[in-house]
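Reader: I am new to protein models and would like to learn how to read sheets and backbone angles. Could you guide me?

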Amino acid sequence: MSDEPKRGTGNGLPSGDPWTRLPSMAPAPPPAGAAPGSPAPGRVRTLADRAAAGPVPPGGRTVAPSPLDPGASRDPHGIHRTLREEFPLTYDPLLRAWVLSRYADVAAALTDERFTHGHRPGDPPCARAHVDVDVETLRAVTERTAYVLARRIAERPQADLVADFCHWLPAGTVAAAVGVPYRDMMRLVRGRAAGALAGECGAQIAVREKALASFLGNVLADPDQVAALRDAPAGLVSRAWTESLRRDPPVQIAVRRTAAEVPVSGGVVPAGASVALLVGSAGRDPERFRAPDRFDPFRNDPGQLTYGAGFCPAVLLAGFEAEYALRALFTAMPRLRLADGFRPVSTGLITRAPRSLIVRPGG
């Protein structure tokens with residue numbers, strides 16, 4: 001399924017979308033007794049809410065941009081910045097959901113029990129669901145699969161790591177872990193085999209592909225990172241992996257529903273509402289991260305929101321795949337580098353990653 005929004009027919013509205021029944025985008029009057037300038041519960045956030053603070057700054061907006069606006073697939077970061085700074089709570093008709101974009105709000109919503117109907121690998125339910133997982137077996141099959149794939153492309157003059165490596169490593173690791181023959185890997189792994197290992201998190205194979213592509217792109221785009229991580233200990237590789245998940249999370253938007261009213265930056269999300277959590281925006285919030293647009297495995301303020309902190313095979317495998325991908329690629333191709341003139345370009349709205357990583361295996 002494409003990540004692009006359905007723009008619909010000649011009138012510019014999504015086909016069959018009952019826009020006329022959506023809440024007004026105009027500011028609502030404040031509730032009785034509210035302080036002047038305070039946001040009303042569950043209202044659209046506009047610069048009118050800040051009238052008491054003085055004139056609208058140059059370039060300021062009165063209508064919030066949408067994460068699904070044209071051009072967002074190529075560069076969502078400007079939209080995210082505007083939302084964080086000016087519209088921390090807004091209703092988006094394209095998403096049909098209230099939108100949260102600041103790190104503090106998104107991080108809280110991913111664990112707050114008042115936000116329901118969502119599952120993140122590594123959150124508490126995972127620890128209860130996976131009680132018979134052999135971690136060392138997962139580590140061994142990940143390592144073996146990574147080295148097999150790396151050797152298959154080592155002699156080529158040029159390769160695409162997304163198509164030839166990232167697309168196969170997560171599926172191949174699961175196939176090896178559950179005993180699926182290599183020839184049947186792609187046919188079975190995305191269904192029953194993945195579910196047998198990862199339960200609710202079985203669908204994470206595609207997410208791990210994208211996360212791995214972004215990770216390798218971040219490392220290979222900077223020769224200094226290549227030098228630092230070529231023979232790095234597991235701890236440093238893990239920090240680089242966490243940093244890539246922060247800067248370029250594979251899932252950009254997570255959807256939840258509120259079971260009760262929830263106060264957030266800019267107002268109150270009403271009960272029973274759909275809420276879009278902009279994970280990609282939260283990871284680049286300068287209120288939480290120093291120089292948030294920079295890929296820096298050595299940063300002293302690490303953090304990521306793609307995975308929870310609890311035990312889950314999908315989370316373990318993702319970390320193992322990042323570690324052994326680097327080790328296998330640099331072992332099989334010590335002079336591995338991006339092809340001349342090539343720079344990774346991420347695309348996507350709901351999920352996001354480079355579509356290709358063209359490399360020169362022999363340098």
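This is a predicted model: local features need pLDDT of at least 70, side-chain atom pairs count only at pLDDT 80 or more; totals for chains, interfaces and linings use all residues.

Reader: How do the strands of a sheet pair?

Author: Strands of a sheet pair through backbone hydrogen bonds, either parallel or antiparallel. Here, 5 strands make an open sheet in the order β1-β2-β8-β5-β3, with mixed pairing. At its edges lie β1 (89–92) and β3 (115–116), each of which pairs on one side only.

Reader: How many bridges link β1 and β2, and in which sense do they pair?

Author: There are 4 bridges between β1 and β2 (residues 97–100), in the antiparallel sense. You can find T90 opposite V99 of β2.

Reader: What is the order of the strands in the open sheet of 3 strands?

Author: That order is β4-β12-β9, and the pairing is antiparallel. Its edge strands, β4 (159–160) and β9 (337–338), each pair on one side only. Between β4 and β12 (residues 358–360) there are 2 bridges; A159 has V359 in β12 as its bridge partner.

Reader: And what should I know about phi?

Author: Most residues other than glycine have a negative phi. In this model R96, which is not a glycine, has a positive phi of about 55 degrees. Look for R96 in the loop between β1 and β2. Another positive phi, near 60 degrees, belongs to H117, found in the loop between β3 and α3 (124–129).

Methods. Residues are numbered from 1 along each chain as its sequence is written. Side-chain values use heavy atoms; hydrogens and water are left out. Two strands pair if DSSP finds at least two bridges between them.
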